Amino acid sequence: MTEKELYDVLTAPRRTKRRIEVTKARMEKLRVMMLPGAIRYDKDHVQSSPQDPMLVFAEKMDELNTKAVELEGLYITQCNEVETLLKALDDDDRHKSIYKDILELTYLAECRPVEIADKLNYAESTVYKLKREAIKTLIKG
């Protein structure tokens, strides 16, 4: 596996999670647009367009909801791929155990290096160094 392919697998869940967040934000925006403004009881209902805009909004909401569900399934699959990849670091070797912890915290828990350093009691520079070593170990196979 090349370095690019490895990074693609490791970062795929994060990219998909962002796509889910964007889709849900669009759904929320549509939901707000669907809310009625002020209800007027003194006028008859007059349709100014040939199609009811609420139906268009509802169809778009349904499309976005379907897309969000599909992306969530993809996210779970990608997380499982990362976990499978990191199983290569399951070993009695202490270094490989630390490598696995750092990569899990980086790519699955989405922790920043500062947070990882605090959790594992390492200097931030050490976290960067161990992460590079872990990536090299995975590339070598």
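This is a predicted model: local features need pLDDT of at least 70, side-chain atom pairs count only at pLDDT 80 or more; totals for chains, interfaces and linings use all residues.
Glu110 and Lys17 join their side chains in a salt bridge, with N and O 4.0 Å apart. Glu110 sits in the loop between helix H3 (94-107) and H4, while Lys17 belongs to helix H1, so this pair ties together parts of the chain that lie 93 residues apart in sequence. Both partners are partly exposed: Glu110 has a relative accessible area of 28%, and Lys17 one of 31%.

Side chains of opposite charge can pair when their charged atoms come close. Two further examples stay within a single helix. In helix H1, Arg31 and Glu28 are three residues apart, about one turn of the helix, and their side chains meet in a salt bridge with an N to O distance of 2.8 Å. Arg31 is partly exposed at a relative accessible area of 38%, and Glu28 is likewise partly exposed at 40%. Because Glu63 and Lys60 are three residues apart in H2, about one helical turn separates them. Glu63 is partly exposed, with 48% relative accessible area, as is Lys60, with 32%.

Stepping back to the overall fold, the secondary structure comes to five helices and zero strands, which gives the pattern α-α-α-α-α when read along the sequence. Of the 141 residues in the protein, 26% are buried. The accessible surface comes to about 9900 Å², and carbon and sulfur atoms account for 53% of that area. Among contacts with a separation of 6 or more, 72% are between residues 24 or more positions apart.

Thr16, in helix H1 (residues 3-34), is buried, because its relative accessible area of 3% falls under the 20% cut-off. Leaving aside neighbours within four places in sequence, Thr16 is in contact with Leu71, Leu74, Tyr75 and Gln78. Val56, by contrast, is found in helix H2 (residues 53-86) and is partly exposed, with a relative accessible area of 37%. Val56 and Met34 are 22 residues apart in sequence, and their C-alpha atoms are 9.9 Å apart in space.

The packing of the last two helices can be described in some detail. Two packed helices are described by the angle between their axes and the distance between the axes. For helix H4 (residues 113-120) and helix H5 (residues 124-140), the angle is about 100 degrees and the axes are 8 Å apart. H4 is therefore roughly perpendicular to H5, as angles of 65 to 115 degrees are counted in that class. On the H4 side, the contact is made by Pro113, Val114, Ile116 and Ala117, which meet Glu124, Val127 and Tyr128 in H5. By class, this contact of H4 with H5 has six nonpolar residues, no polar ones and one charged residue.

How values were computed
Residues are numbered from 1 along each chain as its sequence is written. Side-chain values use heavy atoms; hydrogens and water are left out. Helices (H or I, at least four residues) and strands (E, at least two) are DSSP runs, numbered from the N terminus. Buried means under 20% relative accessible area, exposed over 50%, partly exposed in between (1.4 Å probe, protein chains only). Axes are lines fitted to C-alpha atoms, for helices over the stretch in contact, and angles run from 0 to 180 degrees between N-to-C directions. Angles under 35 degrees count as roughly parallel, over 145 as roughly antiparallel, 65 to 115 as roughly perpendicular and the rest as oblique. Contact means heavy atoms within 4.5 Å. Ala, Val, Leu, Ile, Met, Phe, Trp, Tyr, Cys and Pro count as nonpolar, Asp, Glu, Lys and Arg as charged, and the others, Gly among them, as polar. Accessible areas come from the Shrake-Rupley method with a 1.4 Å probe; for residues, only the protein chains shown count as cover.
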